[in-house]
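Here is a friendly briefing to read alongside the structure. Have the 3D view open and follow the topics one by one.

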Amino acid sequence: METVISRTTRVGKIKYTNAWPVFHSFNPELLQHSVELVSEVPALLNRRMLEGSLEVSAMSSFAYAQGSDHFMLLPDLSVSADGAVQSILLFSREPLEKAVNGTIALTNTSATSVNLLKILVEKYLKGKPEYFTSEPDLTEMLQRADAGLLIGDHAIKASWENNGYYVTDLGQLWKEWTGHSMTFAVWAVRREAALSNPEAISEIVHAFHSSKERSLKRLTPLIDHAVREIGGSEHYWHGYFSNLCYDFGMRQQQGLELYFKYAYELGLLKHEIKLQIWSDNTLTRVKE
Ligand SMILES: C=C(O[C@@H]1C=C(C(=O)O)C=C[C@H]1O)C(=O)O
């Protein structure tokens, strides 16, 4: 674990399209404080946040919970879905009821969704599969397993292929079972950075909020970029970005708290989680 807190704030960016609206207009060069942007899949950002080599990051909500003593959540930022999400998908050779008693390959890029799958399988579907972790390659996964879990752009691309697999959207299944929204990613700051560099964190939070607002007001630049970089149609991406929710209000918090409760009950999390949200005011109080 690093103990030196550099004055440059290292900020992690999820490199999947689902997080683009918060990052699209987030330009470190326009900020007064020094910011270095690190673009990676969620599992790597999670590891770096937990070991302390990033100060701020979008990360798997499950990984936030694992290290919640060290983190505060940044307000009103998340990647959530109230129902189908379109990019957290279980592909199976057999219908779901059968697949959940076979072998399931789990992408090594995720933390939230692999544990969401375990919760759904164990508590809702009453399955007893064997799991193994794999690179996010569906063909390889299904050579060894009955089903494979993909997230992000890997899931999106696989959903476009006419591969004949059964496809289960975990956001939809969660909603069907619990009636709740599901939060896959949150934005967090390490506590020591929030205390030692409050002005930088405040500037970064405001920059995220204005990027999000700008993107959602005008999706066209993001849609064009996604079509160029990933493929698919404008119609697809318009639907995808409009369907996801980037807020972290009561509805999202309640869904996430339920997910953490179930994860704790199954022993996937070692302790119960109380959401702690950063604000300019809290910091003023802490400093007094
Ligand atoms: C909506 C998504 O949410 C992602 C899922 C994550 C996870 O499972 O750990 C982490 C970050 C999110 O960006 C997605 O990847 O499609």
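Helices here are DSSP runs of at least four residues and strands are DSSP runs of at least two, both numbered from the N terminus. With that in hand, helix H5 (112-124) and strand E10 (182-190) each supply at least two residues of the shell around the ligand. Please keep in mind that this is a predicted model. The protein chain has 14 helices and ten strands, and its domain assignment gives domain 1 (9-80 + 182-287) and domain 2 (88-178).

**The ligand and its surroundings**

- There are 18 residues around the ligand, and Ser60, Ser87, Ser110, Ser113 and Phe184 come nearest.
- By type, the shell around the ligand divides into eleven nonpolar residues, seven polar ones and no charged ones.

**How the two domains meet**

- The C-alpha centres of domain 1 and domain 2 are 24 Å apart.
- Contacts link 21 residues of domain 1 with 21 residues of domain 2.
- On the side of domain 1 that touches domain 2, the elements giving two or more residues are helix H2 (42-51), helix H3 (61-66), E10 and helix H13 (250-265).
- H13 gives the most to that side of domain 1, with four residues.
- The residues on that side of domain 1 divide into 15 nonpolar, six polar and no charged.

**Helix H8 and its buried face**

- In helix H8 (residues 170-178), the buried residues are Leu170, Gly171, Leu173 and Trp174.
- Looking down the axis of H8, these buried residues fall within an arc of 165 degrees, so they line one face of the helix.
- The cover over the buried residues of H8 includes strand E4 (71-81), strand E5 (88-92), H5, strand E9 (166-169) and E10.
- Gly179 follows H8, and its phi is positive, near 75 degrees.

**Overall shape of the chain**

- What radius of gyration does the protein chain have? The value is 19 Å, which agrees with the figure near 19 Å that a compact globule of 288 residues would have.
- Taken along the principal axes, the C-alpha atoms of the protein chain fill a box of roughly 60 × 45 × 35 Å.
- Of the 288 residues in the protein chain, 44% are buried.
- Among contacts in the protein chain between residues at least 6 apart in sequence, 85% join residues at least 24 apart.

**Two backbone angles to check**

- Most residues other than glycine have a negative phi.
- Gln86 is not a glycine, yet its phi is positive, at about 80 degrees.
- Gln86 sits in the loop between E4 and E5.
- Gln86 has 18 C-beta neighbours inside 10 Å, so it counts as partly exposed.
- Lys126, also a residue other than glycine, has a positive phi near 55 degrees.
- Lys126 is found in the loop between H5 and strand E7 (130-134).
- Is Lys126 buried or exposed? With 10 C-beta neighbours inside 10 Å, Lys126 counts as exposed.

- Leu31 is placed in the loop between helix H1 (20-23) and strand E2 (35-40).
- Leu31 counts as partly exposed because it has 16 C-beta neighbours inside 10 Å.
- Which residues is Leu31 in contact with, leaving aside its neighbours within four places in sequence? They are Glu203 and Ala207.
- Leu31 and Ile204 are 173 residues apart along the chain, and their C-alpha atoms are separated by 7.9 Å.
- Gln253 has its place in helix H13, the helix that gives four residues to the side of domain 1 that touches domain 2.
- Gln253 is partly exposed, with 17 other C-beta atoms within 10 Å.
- Setting aside neighbours within four places in sequence, Gln253 is in contact with Phe248 and Leu275.
- The C-alpha atoms of Gln253 and Glu203 are separated by 24 Å, and these residues are 50 apart along the chain.

Conventions
Residues are numbered from 1 along each chain as its sequence is written. This is a predicted model: local features need pLDDT of at least 70, side-chain atom pairs count only at pLDDT 80 or more; totals for chains, interfaces and linings use all residues. A residue is near a molecule or strand if its C-beta atom, placed from the backbone, lies within 6 Å of it. Ala, Val, Leu, Ile, Met, Phe, Trp, Tyr, Cys and Pro count as nonpolar, Asp, Glu, Lys and Arg as charged, and the others, Gly among them, as polar. Domain bounds come from an automatic or database domain assignment. Two residues are in contact if their C-beta atoms, placed from the backbone, lie within 7 Å. A residue is buried if 20 or more other C-beta atoms lie within 10 Å of its own, exposed if 12 or fewer, and partly exposed in between; C-beta atoms are placed from the backbone. The arc is that of the directions from the helix axis to the C-beta atoms. The radius of gyration is taken over C-alpha atoms; the globule rule is 2.2 Å times the number of residues to the power 0.38.
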